[in-house]
Amino acid sequence: MRFFGLGEFELEEIIEPLEKQFSSVSFYYEAKFPEVILTLESKCDTDNTLDLIIENIRHHVKPKSLYHIGNENLVQVIGQQLQTRGYTISTAESCTAGYLANLLGKEPGSSKHFLGSVIAYDNSIKRKILHVDEHLLKTFGAVSKEVAEQMAQNVQQLMNTTFGIGISGIAGPSGGNEDKPVGTVHLAITDGKQILHKQRIFSFERQRFIEYVSWYALFLLKNNFLS
């Protein structure tokens, strides 16, 4: 059982009473940032104990935080879903500096669904390559809903993909202010018809912020466009 957006200690609190209730089952969990993996091993293979435990856990965890039951991680699950449906994806990244593109591109066979990425770290690249409106950059700033949405829309059109993802944020350790503290991120996903935007503040150090935000983008894609 693979979870995203759920902490190890949160999961431990949920499964502690289950371990006492179901003595025939062994629980093994591992925090493998940014996900948590729970493995169940039953000594009795003739009953529905595992199904009962899984349903109990589903009931107690955050909605959709249990994203998959199996050996495949989130990146692999997304790749399989995109390929099965004949969908393609492109990304426009600022604060994640191409980490999301690396996740998508490093899996075997990814060329069938991942077409490319624009790493628009500087505003000049956002303007010249992604054609982000100068007015939006001056009025709202690079780290904003408006810019993230236009990044997603324009990369989707530029590369003619099913989905476009736009990410702009402040990875730190400097660069934040009172209105937009370090850890702020604006993330947008579009399929050309509708657009999803999320604003979050994550209190991770720089590298973990980059990793978590990249996974979070795929998590949102799965739950809002591929479910």
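Modeller: Helices here are DSSP runs of H or I with at least four residues, and strands are runs of E with at least two, numbered from the N terminus. The model is predicted: local features need pLDDT of at least 70, side-chain atom pairs count only at pLDDT 80 or more, and totals for chains, interfaces and linings use all residues. Residues are numbered from 1 along each chain as its sequence is written, and side-chain values use heavy atoms, leaving out hydrogens and water.

Colleague: Which element gives the most to the lining of the largest pocket?

Modeller: Helix α8 does, with seven residues. A pocket is an open set of points on a 1 Å grid over the protein atoms alone, where a 1.4 Å probe fits, with protein on both sides within 12 Å along at least five of seven lines; lining residues have an atom within 4 Å of a point. The space in the largest pocket is about 500 Å³, the volume filled by probe spheres set on points joined across faces, edges and corners. Its lining has 27 residues, and the closest to the centre are Phe4, Gly5, Leu6, Gly7 and Tyr212. Elements that supply at least two lining residues each include α1 (8-21) and β9 (195-201).

Colleague: Why is the pair of tyrosine 87 and phenylalanine 163 called edge-to-face?

Modeller: Rings of Phe, Tyr and Trp (its six-membered ring) pair if their centres lie within 6.5 Å; planes under 30 degrees apart are stacked, over 60 edge-to-face, the rest tilted. This rule gives eleven aromatic pairs. Here the centres are 5.4 Å apart and the planes stand at 90 degrees, so the pair is edge-to-face.

Colleague: What makes this pair a tie between parts of the chain?

Modeller: Tyrosine 87 is in the loop between α3 (74-85) and β5 (89-93), and phenylalanine 163 is in strand β7 (163-169), so the pair ties together parts 76 residues apart in sequence.

Colleague: How do you know whether each partner is buried or exposed?

Modeller: Buried means under 20% relative accessible area, exposed over 50%, partly exposed in between (1.4 Å probe, protein chains only). Phenylalanine 163 has 3%, so it is buried. Tyrosine 87 has 28%, so it is partly exposed.

Colleague: Why does serine 124 count as buried?

Modeller: Its relative accessibility is 18%, so serine 124 counts as buried. Serine 124 lies in helix α5 (residues 123-128).

Colleague: What makes a polar contact for the side chain of serine 124?

Modeller: The side chain of aspartate 122, at 2.6 Å. A polar contact is a pair of N or O atoms within 3.5 Å; within protein, one must be able to donate a hydrogen and the other to accept it, and residues adjacent in sequence count only if both atoms are side-chain atoms. Histidine 68, in strand β4 (residues 66-68), makes one with glutamate 72, side chain to side chain, at 2.8 Å.
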